Amino acid sequence: MNKYLRTTLVALCCLYFWYYVATYTEGHLIDNVDLIFHEAGHTIFFFFGQFIQMCAGSGFQILVPLLISIYFFKTGQKLSGALCLLWVGQSILNVSVYAGDAIVMQLELLGGDGVMHDWNYILSTLDILHHAPRIARVMYQIGVMTIGAGTVMAVYYSVIEKAKQIPPKSATKL
C-alpha cells in the first residue's frame with residue numbers, strides 16, 4: 001500500500017476514535033458491533049450462573065477485540081494490532097457508559113423494560129452499587145489511555161517503523 005494512503009487511513013482511523021472519546025455517550029455505529037459481542041458473551045456463558053453471565057456480556061465485548069489485537073501483534077502484524085487496540089479502548093468506553101448507568105438505569109436496553117441491567121445486578125450483588133460513578137470514571141480513563149496507546153503505536157508502525165524499512169532511493173538491486 002502506498003505510504004501516503006496508509007498514513008492517511010491510519011490518521012483517519014485514529015481521529016475517528018478520538019472523536020468517539022469526545023462523544024462517547026452518544027450512539028455510534030461501532031457500538032452496534034460491540035453489542036453483538038456483548039450479547040454473545042451472555043449467550044456463551046449462560047451455563048455458568050447468573051453472575052458470570054452478567055459479567056460475560058461486558059467482558060466478552062472487551063475480550064474479543066483484545067484477543068484480535070493480541071493475535072495481530074503475535075503474528076507480526078503490528079499496525080493491525082495497534083488499530084485493534086483502538087477498538088479495545090472504544091469498547092471499554094462503551095462499557096463505562098453502561099456501568100455509569102447502573103444506579104439511574106436510564107439507558108434503553110435490548111429487550112425493553114423487562115430485561116435486567118447487567119451493571120446494576122453486578123454492582124448490587126457485590127454491594128458496591130454506590131461506587132458506580134467512580135467505577136465508570138476509572139473505566140473511562142482506562143479506555144482513553146488504551147486509545148492513546150493505540151494511537152501512538154499506530155502512528156509509529158505506519159510512519160516511523162515503515163520509514164526504517166524503506167531502502168534509500170540510491171540503493172541498487174543486484
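Predicted model: local features only at pLDDT ≥ 70, side-chain atom pairs only at ≥ 80, totals over all residues.
Met105 sits in the loop between α4 and α5, the latter covering residues 118-125. Although Met105 is not a glycine, its phi is positive, at about 45°.

A positive phi is also found at Asp127, a residue other than glycine, where the angle is near 60°. Asp127 belongs to the loop between α5 and α6. With 63% relative accessibility, Asp127 counts as exposed, because the limit for that class is over 50%.

### The chain as a whole

The protein chain contains 6 helices and 0 strands, and its pattern along the sequence reads α-α-α-α-α-α. The C-alpha trace spans about 70 × 35 × 25 Å along its principal axes. Of the 174 residues in the chain, 39% are buried. When contacts between residues at least 6 apart in sequence are considered, 64% of them join residues at least 24 apart.

The protein chain exposes about 10,500 Å², with 68% of that area supplied by carbon and sulfur atoms. The side chains include 10 positive and 10 negative ones, and 29 Å lies between the centres of the two sets.

Helix α6 runs over residues 132-165 and includes Ile147. At 0% relative accessibility, Ile147 is buried. Apart from its neighbours within four places in sequence, Ile147 is in contact with Phe17, Trp18, Val21, Leu86, Gly89, Gln90 and Leu93. From Ile147 to Met105, 42 residues apart along the chain, the separation of the C-alpha atoms is 27 Å.

Gln90, one of the contacts of Ile147, is part of helix α4. Gln90 has 0% relative accessibility and so counts as buried. Leaving out residues up to four places away in sequence, Gln90 touches Phe17, Tyr20, Ile30, Asp31, Asp34 and Ile147.

With residues up to four places away in sequence left out, Val88 touches Ile62, Pro65, Leu66 and Thr146. In the case of Pro65, 23 residues from Val88 along the chain, the two C-alpha atoms are 5.4 Å apart.

| Residue | Element | Relative accessibility |
|---|---|---|
| Ile147 | helix α6 | 0% |
| Gln90 | helix α4 | 0% |
| Asp127 | loop between α5 and α6 | 63% |

### The largest pocket

The volume of the largest pocket is about 640 Å³. Its lining is formed by 27 residues, and those nearest the centre are Leu35, Asn94, Tyr98, Glu108 and Leu109. Two or more lining residues come from each of α2 (29-44), α3 (50-74) and α4 (78-100). Helix α2 gives the largest share of the lining, 7 residues.

Note on methods:
Residues numbered from 1 in each chain as written. Heavy atoms only, no water. Helix = DSSP H or I, 4+ residues; strand = E, 2+ residues; numbered from the N terminus. Buried < 20%, exposed > 50% of the residue type's maximum accessible area, 1.4 Å probe, protein only. Contact = heavy atoms within 4.5 Å. Areas by Shrake-Rupley, 256 points an atom, 1.4 Å probe, with all protein chains shown as cover. Lys, Arg positive; Asp, Glu negative; His and termini not counted. Charge placed at Lys NZ, Arg CZ, Asp CG, Glu CD. 1 Å grid on protein atoms, 1.4 Å probe; cavity = no way out; pocket = protein on both sides within 12 Å on 5 of 7 lines; lining within 4 Å. Points joined across faces, edges and corners; volume = space filled by probe spheres on them.
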